[in-house]
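Here's a quick briefing on pockets and charged pairs.

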Amino acid sequence: MGITIKGIFKTTNWHRKWWKDRKLDWASAYGNPEHPHRIKIIEALKQFRFTSVLELGMGAGANLVLIKQHFPRVDVGGIDINAEAVEVARKVLPNAGVLQTGEATDVYLSNRGSDMILTDMCYIYLSLKDFKKAIKEAKRMARRGVVFCEFHEPRWWRRWLIKLATGYGAFDYRKALMKAGFHDIRITPLTPKDWPDTEEEKGLRCIIMARS
C-alpha cells in the first residue's frame with residue numbers, strides 16, 4: 001500500500017467540493033440499482049422492522065429505488081451534497097418524503113426522525129472529527145437502527161496507511177457505534193463478488209448493522 005500526495009491532501013473539504021461541484025450523468029453513473037452490493041444492503045435491512053429509511057449520500061437514489069421494490073410500503077428519503085443528483089432522485093422517486101441537499105454531519109431532520117439511517121460509501125469522505133459528528137447525527141435520527149456500507153478497519157496504523165494511500169477514511173465502526181450508544185453491532189465484509197476491490201481497498205468494504 002503506497003503513500004501518495006493525493007491521499008495526504010484529500011481532506012473532508014476537498015471531497016466536499018469535489019462532490020458538490022461534480023457534473024455528470026447521475027442517472028447512469030450513480031443511479032444503477034443492479035450493482036450486486038445493493039442486495040447486501042437489502043438483506044441487512046430485512047433484519048429490522050421499519051417503516052422509514054433515510055439515506056445519507058444517496059447520489060441519484062439507486063438504493064432507495066431498490067428499497068421501494070423490496071419494501072413497497074416503506075417511506076424513503078435521502079440527503080446528498082450534489083444538487084443535480086438530488087434533482088435526478090426526485091424524478092425517479094416522486095413520492096419520497098424527504099429528498100434534499102445536505103451533509104451527513106448536519107442533517108435537517110428531527111430527533112428520531114427515521115426508523116433507519118443508511119449510508120453507502122458516504123463516510124469514507126470524512127475526517128475522523130467529522131466521522132464522529134456523523135455517527136452522533138445518525139444516533140440522533142435513528143429510531144430503530146443503522147445500516148452502513150463503509151470501510152471498516154479496527155487497526156489504527158492500517159487506517160492511517162489507507163488514508164495516505166487512497167485519500168479515503170476507514171474507521172473502527174464497532175468502537176464508534178458502541179461509544180455512540182448503539183448495540184447489537186454486526187459487521188460483515190463484502191466479498192469480491194459483492195464488490196470487486198482494488199488491492200488498496202481489499203477487505204475494507206463491509207456491511208455494518210447496529211440497533212439504536
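Which helices each supply at least two residues of the lining of the second largest pocket? They are α7 (128–141), α8 (156–166) and α9 (173–180). Keep in mind that this is a predicted model.

**Second largest pocket**
- Its volume comes out at about 510 Å³.
- The lining counts 17 residues, and Leu 128, Phe 131, Lys 132, Phe 171 and Ala 176 sit closest to the centre of this pocket.
- α7 hands over the largest share of that lining, with five residues.
- Sorted by class, the lining of this pocket splits into eight nonpolar, two polar and seven charged residues.

**Largest pocket**
- Here the volume is about 850 Å³.
- A set of 40 residues lines this one, with Trp 19, Gly 57, Met 121, Cys 122 and Tyr 125 nearest its centre.
- The elements giving two or more residues to this lining are α2 (12–21), α3 (26–29), α4, β1 (52–56), α5 (62–70) and β2 (75–80).
- Of these, α2 gives the most, at six residues.
- The class breakdown for the largest pocket reads 20 nonpolar, 10 polar and 10 charged residues.

**Salt bridges**
- Searching the whole structure turns up nine salt bridges, and three of them are picked out here, starting with Glu 43 and Lys 40, whose side chains pair at 3.6 Å, N to O.
- Glu 43 and Lys 40 are three residues apart in helix α4 (residues 37–45), so about one helical turn separates them.
- Both ends of that pair are partly exposed: Glu 43 has 38% relative accessibility, and Lys 40 has 29%.
- Arg 143 and Asp 115 also meet through their side chains, at 2.8 Å, N to O.
- Because Arg 143 belongs to strand β5 (residues 142–151) and Asp 115 to strand β4 (residues 114–120), this bridge ties together parts 28 residues apart in sequence.
- Arg 143 is partly exposed at 31% relative accessible area, whereas Asp 115 is buried at 6% relative accessibility.
- Glu 153 and Arg 158 make another bridge, at 3.0 Å, N to O.
- Glu 153 is buried, with 4% relative accessibility, and Arg 158 counts as buried too, at 17%.
- Arg 155 joins in as well: bridges with shared partners link Glu 153, Arg 155 and Arg 158 into one network.

Notes: Residues are numbered from 1 along each chain as its sequence is written. This is a predicted model: local features need pLDDT of at least 70, side-chain atom pairs count only at pLDDT 80 or more; totals for chains, interfaces and linings use all residues. Side-chain values use heavy atoms; hydrogens and water are left out. A salt bridge is a side-chain nitrogen of Lys or Arg within 4 Å of a carboxyl oxygen of Asp or Glu. Helices (H or I, at least four residues) and strands (E, at least two) are DSSP runs, numbered from the N terminus. Buried means under 20% relative accessible area, exposed over 50%, partly exposed in between (1.4 Å probe, protein chains only). On a 1 Å grid over the protein atoms alone, a cavity is a set of points where a 1.4 Å probe fits but cannot get out, and a pocket is an open set with protein on both sides within 12 Å along at least five of seven lines; lining residues have an atom within 4 Å of a point. Grid points are joined across faces, edges and corners, and a volume is the space filled by probe spheres set on the points. Ala, Val, Leu, Ile, Met, Phe, Trp, Tyr, Cys and Pro count as nonpolar, Asp, Glu, Lys and Arg as charged, and the others, Gly among them, as polar.
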